[in-house]
Amino acid sequence: MSTQSAIKVVTTHVLSEMKLKGEKISMLTSYDYSMARIVDQAGIDVILVGDSASNVMAGYETTLPITLDQMIYHAASVVRGVKRALVVVDMPFGSYQGNSKEALSSAIRIMKETSADAIKMEGGEEILESVNRILSAGIPVMGHLGLTPQSIHKFGTYAIRAKEKNEAEKLVKDAHLLEEAGCFGLVLEKIPSTLAVRVAQELTIPVIGIGAGSGVDGQVLVVHDMLGINQEFSPRFLRRYHNLFAEISGAVSNYISDVKSGDFPNEREQY
């Protein structure tokens, strides 16, 4: 049997089975071919081409400025590097809110031009018309509730969401609405862990957390954060698995000094 055919490709159905078996789902972001290859070969279940590319790849303060064309560029690059993981692409701000016809056309562009597996959208009842329209075209949709970074100007803060009873009840209602509409999964961001447990238990679809505690079906982090490339961002929910910032800057410093001293290239490194 070839290695290629031995690889069990992750699909939305596989994720459902994982939830049923109680097997946790691992999810990380990637935004380019090289990183996606590494993350995929390491065995990640889901790769999210996040609109967080706006922050970590383009240097913007929020996720709002990134465009649909830019998301398509990042997603197509990622897909070319992936053999196993399910690739989910964030619909960027302005590509689906308030206009379900535009939402469908944005989602179709993402699927056709990137060959990704699914799209992700932020919001509940207020975007349901767009969700339904996209699902009716046979495009898999992942929901996203809790802290929704595209709504930063509405809330004015990245603080924890759904601490108050009313907001918590709306979140639970929205989660059920998204499941009933046909979403295959849901991301919960920065909400109380007890609320996240309730949602994960009430829903039959997989619930992935980021800052939502351990009682959900899986976890997602931004790859630049967990690898320590990005040092400025240190929320409580982030565990840094490496300090690549120090490693890379050390390697660059060594390269600079070797060039300046004439040590690089040496005799073996030239023709």
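**The second largest pocket and its surroundings**

Reply: Helix 9 supplies the largest share of the lining of the second largest pocket, namely 4 residues. Helices (H or I, at least four residues) and strands (E, at least two) are DSSP runs numbered from the N terminus. The model is predicted, so local features need pLDDT of at least 70 and side-chain atom pairs count only at pLDDT 80 or more, whereas totals for chains, interfaces and linings use all residues. Residues are numbered from 1 along each chain as its sequence is written, and side-chain values use heavy atoms, with hydrogens and water left out.

The second largest pocket holds about 360 Å³ of space. Its lining consists of 19 residues, and Gly123, Glu126, Thr148, Lys154 and Phe155 are the closest to its centre. (A pocket is an open set of points on a 1 Å grid over the protein atoms alone, where a 1.4 Å probe fits, with protein on both sides within 12 Å along at least five of seven lines; lining residues have an atom within 4 Å of a point. Points are joined across faces, edges and corners, and a volume is the space filled by probe spheres set on them.)

At least two lining residues come from each of strand 5 (141-146), helix 8 (152-155) and helix 9 (165-181). Sorted by class, this lining has 6 nonpolar, 7 polar and 6 charged residues. (Ala, Val, Leu, Ile, Met, Phe, Trp, Tyr, Cys and Pro count as nonpolar; Asp, Glu, Lys and Arg as charged; the others, Gly among them, as polar.)

Helix 9 also packs against helix 7 (residues 128-136), at an angle of about 20 degrees and with the two axes 10 Å apart. Helix 7 is therefore roughly parallel to helix 9. Helix 7 packs in turn with helix 6 (residues 100-114), at about 45 degrees and with the axes 8 Å apart; these two helices are therefore oblique to each other. (Axes are lines fitted to C-alpha atoms, for helices over the stretch in contact, and angles run from 0 to 180 degrees between N-to-C directions; under 35 degrees counts as roughly parallel, over 145 as roughly antiparallel, 65 to 115 as roughly perpendicular and the rest as oblique.)

In the loop between helix 6 and strand 4 lies Ser115, whose phi is near 65 degrees, a positive value in a residue other than glycine. Most residues other than glycine have a negative phi.

Strand 5, which contributes to the pocket lining, belongs to a closed barrel of 8 strands in the order 1-2-3-4-5-6-7-8, with parallel pairing. From one strand to the next, the twist averages 25 degrees. Strand 1 (residues 25-29) runs parallel to strand 8, joined by 4 bridges, and Leu28 stands opposite Leu221 in strand 8.

For comparison, the largest pocket holds about 680 Å³ of space. Its lining has 31 residues, and Ser52, Asn55, Glu189, Val222 and Phe233 lie nearest its centre. Strand 8 (218-221) is one of the elements that give two or more residues to that lining, which divides into 15 nonpolar, 7 polar and 9 charged residues.

Note on methods:
Pairing = 2+ DSSP bridges.
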